[in-house]
Amino acid sequence: MRNNESWEPADKDNSLSEHEKKQMNRGSSGQTKVARIEDSLAPLLEEALELQAELVGLRRHLHRNPELSLEETETSQTVLSVLRELPLDIRTNVGGYGIVADLNGEGEGPTIALRADMDALPIQEETDLPYASEIPGKMHACGHDAHTAILVGAAKLLSRKRDKLSGRVRFLFQCAEEINQGARAMIEDGALDGVDEIYGLHNLPTLAAGKVATRYGALMGSVDRIEVTIEGRGGHGAIPNESIDPIVAASAVVMGLQTAVSREISPFDPAVVTIGSIYGGHANNVIPHRVELTGTVRTFQPRVQEGMEAMLRRLIESICEGYRCKAELRYIRQVPVLVNHDACVTHVEQTLDGLMPIESRIEAAPTMAGEDFSLYVERIPGCFFWIGSGPEENAEQAYGLHHPKFDLNEECLGHGAAALAGIAFSRLL
Ligand code: NI
């Protein structure tokens, strides 16, 4: 229902720029910008659903052939084979096997980036799907195959509307998200250069397909990795007084870290310290020389993440000293808290409400799981949100992300493509 009737002002002012004239023409159609956006969004979902079969085919191909982080050669070639048919400026091997593809609109305007991740996980798939992973020990158990197909769909949809865009859309096909390296590497390789805003989504199998979940502020936790080496002096298990036992010290460290979380951090500031592995000793009657621990640290406030390293270092070193052991902590910061920008969340919500019934959108619960999309929104404004990929009934009982039986409702593909395309489109109208 867009009114395309042209309008010539009686006293035509030649000092107006082309852009201003375009704005005036638009204004004269009697439509507000909001109405224009609504009219333009309405057909997008329908157009996306027409691509559904193609997106399902692409996603299943990727699902059969998962590639781990930093190994995404075939995946990026598959994506490129589609992108090369579109009017895009393409850069390959960005920060690894990442792809940056620009769609330049007809008019001037901002650059809006849309991002998908492409890597799989070292998990043996346990589904009976006809398109289950054909690579032993590797699986798209986080749905990044779907994210990739969704972004390809968005690129197709937006390419058709290139003449209506004032500005540029940058499609970021990111490598190595699962090991928290891809976003950083792509940023260092210029993926964000000239970008004004960035948007991305993640599927959520415990939310029914057709629904979306958004959240202002912090959405996902920070991720840090710790590696601790505790050194004592090995000896006979029967004569502990002649040894220094690192196993006892390590046990005290594990317990001490939990106490630190509950006693030193406000109960209103969520924080998690999980020790995920302990290695030390071989024989039942020998005190080993050394114990090694690894763990993960999650927080939900940048200032809490800030203080974690010093707190853990003090505790680990002083506990080990008390037990006459020597401790060494390697504290590796991986990704910050993912904090959405308010104006971008509002934009996503308005767009989604224009695409699908308003009751489809719910408020997302915060999660301590991490996402390296946080590195993008640490630098420029943006918004990350969830798109339902679960069954219509009892979605909350579906297998979660990273589960060997994880499966997603492919209806999310068309919805996701329409959502991402709509977010960029309505921003560049
Ligand atoms: Ni994921």
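Here is a short chat about a predicted model, covering its nickel site, a helix pair and a sheet.

Biologist: Hi! Which residues coordinate the nickel ion?

Modeller: Hello! The nickel ion is held by C142 through SG, and by H144 and H202 through NE2, at 2.1 to 2.3 Å. Along the sequence, these donors follow the spacing C-x1-H-x57-H. H144 belongs to helix α5 and H202 to strand β5, so this pair ties together parts that are 58 residues apart in sequence.

Biologist: Nice. Is H144 buried or exposed?

Modeller: H144 is buried, with a relative accessible area of 0%. H202 counts as buried too, at 4% relative accessibility.

Biologist: Switching to helices: at what angle do α7 and α8 cross?

Modeller: At roughly 140°, with their axes coming within 10 Å. The crossing is right-handed.

Biologist: Which residues make the contact?

Modeller: From α7, they include A249, V253 and L257, and from α8, M311, L315 and I319 are among them. The residues of this contact divide into 11 nonpolar, one polar and two charged.

Biologist: And which strands does α8 lie across?

Modeller: It lies across β8, β10, β12 and β13, and runs at about 165° to β13.

Biologist: In what order do the strands of that open sheet come?

Modeller: The order is β10-β12-β8-β13, with antiparallel pairing. Strands β10 and β13 stand at the edges with a single partner strand each, so one side of each has no neighbour in the sheet.

Biologist: How many bridges link β8 and β12?

Modeller: These two strands pair over 10 bridges. As a landmark, look for R225, which stands opposite T296 in β12.

Methods
Residues are numbered from 1 along each chain as its sequence is written. This is a predicted model: local features need pLDDT of at least 70, side-chain atom pairs count only at pLDDT 80 or more; totals for chains, interfaces and linings use all residues. Side-chain values use heavy atoms; hydrogens and water are left out. Donors are N, O and S atoms within 2.8 Å of the metal (3.2 Å for Na, K and Ca); water is not among the atoms, so sites may look incomplete. Helices (H or I, at least four residues) and strands (E, at least two) are DSSP runs, numbered from the N terminus. Buried means under 20% relative accessible area, exposed over 50%, partly exposed in between (1.4 Å probe, protein chains only). Axes are lines fitted to C-alpha atoms, for helices over the stretch in contact, and angles run from 0 to 180 degrees between N-to-C directions. A crossing is left-handed if the near helix is turned anticlockwise from the far one by less than a right angle, and right-handed if clockwise. Contact means heavy atoms within 4.5 Å. Ala, Val, Leu, Ile, Met, Phe, Trp, Tyr, Cys and Pro count as nonpolar, Asp, Glu, Lys and Arg as charged, and the others, Gly among them, as polar. Two strands pair if DSSP finds at least two bridges between them.
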